[in-house]
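Hi,

Here is the structure I said I would pass on. Have a look at it, and my notes follow below.

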Amino acid sequence: MQRPSRRPTDLLAAASLTLAALMFAGNALAQPADTQPPLAHVQIDVHDVQAVRTGALVFMNQCLACHSLQGERFEGLAKLTGLSQQEVARTLKISSRSMLDTIETPMPAALAKSYFGVTPPDLTYEIHLRGADWLYTYFKSFYVDPGRPSGANNVVFHNVAMPNVFAAMQGLQQPVTQEGFRQGQRMPIAVGVKPLTRGSLSPDQFDAVARDLVTFIEHVGEPHQFERHAIGRWVLVITALWTILMYIVYRLYWRDVVRPQGPRWWSYLKR
Ligand code: HEC
């Protein structure tokens with residue numbers, strides 16, 4: 001009778017089978033995925049100078065108190081908004097600082113941390129981190145939550161530390177909840193908002209403000225996109241010309257290396 005083999009490969013196979021079985025069991029026991037509230041879609045147009053201007057104005061008035069844009073200078077706002085430096089200084093009321101300064105919040109980071117528990121992040125590259133739809137939904141979905149220190153919460157950013165700075169413009173909102181999962185627990189999850197009080201703007205006007213803010217933040221994160229598009233066209237033209245040139249060189253080189261069999265291609269044109 002043959003003894004069962006005890007080769008190392010058998011042990012390896014047994015070990016990987018056990019591991020696979022364990023992983024399968026682990027998967028089956030894994031907690032259900034968190035419920036993701038739906039995002040509202042926003043169509044932004046970075047060529048819309050008026051939208052960028054409104055976004056910049058709202059940012060300087062409502063957000064700069066806590067958030068910086070360290071990747072941009074006040075001077076750069078002139079380029080983004082198509083205004084002269086004097087107009088930027090006047091409309092955005094930044095005459096007390098140098099136009100060459102980077103856009104930084106006057107709020108000291110340590111103070112902000114003691115207020116909110118976290119330092120409000122720099123928003124220069126926020127558009128790359130979150131995307132336009134997320135930002136638009138975030139701005140529109142603050143709701144009243146008496147359980148939070150600031151009295152506000154957000155549908156797409158659960159337990160956000162940012163206070164609802166849009167309350168005056170938008171009015172207050174209450175959550176629309178639905179049964180869902182958070183960290184494996186079954187619980188009511190806010191998936192949307194409905195109005196509670198009226199703000200100074202109509203819903204359409206507020207949507208436009210939210211869109212303009214996203215447009216501005218997108219432009220700050222990608223300030224060179226117009227130049228890139230303009231240069232890109234020329235790069236394609238040069239690449240095409242280069243390809244033609246290289247093809248001619250290739251034909252010239254090989255003309256003397258391999259003599260073509262049969263008639264050359266241009267002889268067909270002469271017929
Ligand atoms: C009173 C201070 C304050 C003001 C004013 C403020 N924010 Fe915030 N914001 C915060 C804090 C604090 C956080 C961090 C939230 C967290 O991590 O829980 C935050 C977070 C954010 C985020 C999410 C960052 C991330 O994690 O991806 C965005 C986007 C944002 N703020 C945009 C704005 C805009 C736009 C304005 C102006 C309309 C604004 N904030 C005004 C304090 C503020």
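Which elements do the buried residues of α3 pack against? They pack against α2, β1 (69-73), α4 (85-91) and β2 (102-103). Contact here means that two C-beta atoms, placed from the backbone, lie within 7 Å. Helices (H or I, at least four residues) and strands (E, at least two) are DSSP runs, numbered from the N terminus.

Before I go on, some ground rules. This is a predicted model, in which local features need pLDDT of at least 70 and side-chain atom pairs count only at pLDDT 80 or more, while totals for chains, interfaces and linings use all residues. Residues are numbered from 1 along each chain as its sequence is written.

Back to α3: its buried residues are F74, L77 and T81. Viewed down the helix axis they fall within an arc of 30 degrees, so they line one face of α3; the arc is that of the directions from the axis to the C-beta atoms. "Buried" means 20 or more other C-beta atoms within 10 Å of the residue's own, "exposed" means 12 or fewer, and "partly exposed" is in between, with C-beta atoms placed from the backbone. Just after α3, G82 has a positive phi of about 65 degrees.

On the overall picture, the protein has 11 helices and six strands. Its radius of gyration is 30 Å, whereas a compact globule of 271 residues would be near 18 Å (taken over C-alpha atoms; the globule rule is 2.2 Å times the number of residues to the power 0.38). The C-alpha atoms fill a box of roughly 85 × 85 × 40 Å along the principal axes, and 21% of the 271 residues count as buried. Of the contacts with a separation of 6 or more, 69% join residues 24 or more positions apart.

Leaving aside neighbours within four places in sequence, F216 is in contact with V52, G55, A56 and F59. T215 also lies in α9 and counts as buried, because it has 27 C-beta neighbours inside 10 Å.

Last, two backbone angles to look at. Most residues other than glycine have a negative phi. N159, in the loop between β4 (152-154) and α8 (167-170), has a positive phi near 55 degrees; it is exposed, with 10 other C-beta atoms within 10 Å. Q183, in the loop between β5 (173-182) and β6, has a positive phi near 50 degrees, and counts as exposed because it has 8 C-beta neighbours inside 10 Å.

Cheers
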